[in-house]
Amino acid sequence: MRRAVSLVTDSTSTFLSQTTYALIEAITDYTKAVYTLISLYRQYTSLLGKMNSQEEDEVWQVIIGARVEMTSKQQEYMKLETTWMTAVSLSEMAAEAAYQTGADQACVTARNHVQLVKLQVQEVRQLSQKAETKLAEAQTEEVRQKAQEEGDERAEPEPEAYLRED
């Protein structure tokens, strides 16, 4: 029985390793897409007031394309995350089965592996969350600057003839 349990922990460990690798890669791709969008927002914000409407439309088409790409990468990593969580559960169950049958080495190895991959995924998620925060800041800056620009246009000085009291 111990040998069978050891084989199960090895198999679940392999499955967990592969899903972890795929998930980390997917989150990294998503994070890169977020940073691309951040860069586009910052470039757009720096060009506000310096573009004509056609140029602004062209920039927005690029931004929309980057948003679509980012959303696609996010959906991909979320699907993989479900598979990864299943792999974690299977590995934890295999570790428990190893413990119950007295296969201590297999149990310890499986539990250590689960802890390691959870830590790896957590680190990549934190990087992704930082990118999302920076994206929100870039979007906020764009909205703020656009509102300021529109406010400046509306606050054009009145012609002096309207300011005189007759």
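Predicted model: local features only at pLDDT ≥ 70, side-chain atom pairs only at ≥ 80, totals over all residues.
**Entry 1: a pair within one helix**

I started with Glu141 and Arg144, which sit 3 residues apart in helix α3, so about one helical turn separates them. Their side chains meet in a salt bridge, with 2.6 Å from N to O. I noted that side chains of opposite charge can pair when their charged atoms come close. Next I looked up how open each residue is. Glu141 has a relative accessible area of 31%, so Glu141 is partly exposed. Arg144 has 44%, so Arg144 is partly exposed too.

I looked up the confidence before going on. The protein averages a pLDDT of 90. I also wrote down that 91% of the residues score at least 70. Which helix has the lowest confidence? It is helix α4, residues 160-163, with a mean of 51. Confidence is highest in helix α2, residues 53-101, at 95.

I looked up the salt bridge count, and it comes to 6. Then I picked out Lys146 and Glu56. Lys146 forms a salt bridge with Glu56, and the closest N and O atoms are 3.1 Å apart. This pair links distant parts of the chain: Lys146 belongs to helix α3 (residues 104-154) and Glu56 to helix α2, 90 residues apart. Is Lys146 buried, exposed or partly exposed? Its relative accessibility is 23%, so I put Lys146 down as partly exposed.

I turned to Arg125 and Glu81. Their side chains meet in a salt bridge at 2.4 Å, N to O. Here too the pair links distant parts of the chain, with Arg125 in helix α3 and Glu81 in helix α2, 44 residues apart. The two partners fall into separate classes in my notes. Arg125 is partly exposed, because its relative accessible area is 27%. Glu81 has 17%, and buried means under 20%, so Glu81 counts as buried.

**Entry 2: checking helix lengths**

I checked helix α1, residues 2-47. At 1.5 Å a residue, its 46 residues should span 68 Å. I repeated the check on α2. This helix has 49 residues and reaches 71 Å from its first C-alpha to its last. The expected value is 72 Å, and the span comes close to it.

**Entry 3: where the helices start and stop**

I then looked just after α2 and found Gly102, with a positive phi of about 85°. At the start of α2, I found Asn52. A side-chain oxygen of Asn52 reaches to within 3.0 Å of the backbone nitrogen of Gln54.

**Entry 4: apart in sequence, apart in space**

I went to Ser17, which is in helix α1. Its relative accessibility is 30%, so Ser17 counts as partly exposed. How far is Ser17 from Val117 in space? I found 7.6 Å from C-alpha to C-alpha, although the two are 100 residues apart in sequence. The side chain of Ser17 also makes a polar contact with the side chain of His113, at 3.0 Å.

Leu37 was my next stop in helix α1. Its relative accessibility is 0%, so Leu37 counts as buried. Leu37 and Gly65 are 28 residues apart in sequence, and their C-alpha atoms are 9.3 Å apart.

For contrast I looked up Met85, in helix α2. Met85 has a relative accessible area of 47%, so it is partly exposed. Met85 and Ile63 are 22 residues apart in sequence, yet 33 Å lies between their C-alpha atoms.

**Entry 5: a patch on the surface**

Last, I looked for nonpolar surface. Which residues make the nonpolar patch of about 260 Å²? They are Phe15, Leu90 and Met93. I followed up on Met93, which is found in helix α2. At 52% relative accessibility, with exposed meaning over 50%, Met93 counts as exposed.

Technical notes
Residues numbered from 1 in each chain as written. Heavy atoms only, no water. pLDDT = per-residue confidence, 0-100. Helix = DSSP H or I, 4+ residues; strand = E, 2+ residues; numbered from the N terminus. Salt bridge = Lys/Arg side-chain N within 4 Å of Asp/Glu carboxyl O. Buried < 20%, exposed > 50% of the residue type's maximum accessible area, 1.4 Å probe, protein only. Expected span 1.5 Å × (residues − 1). Patch = residues over 30% accessible without salt bridge, like charges linked within 9 Å, V, L, I, M, F, W, Y side chains within 5 Å. Areas by Shrake-Rupley, 256 points an atom, 1.4 Å probe, with all protein chains shown as cover. Polar contact = N/O pair within 3.5 Å; in protein donor to acceptor, adjacent residues only side chain to side chain.
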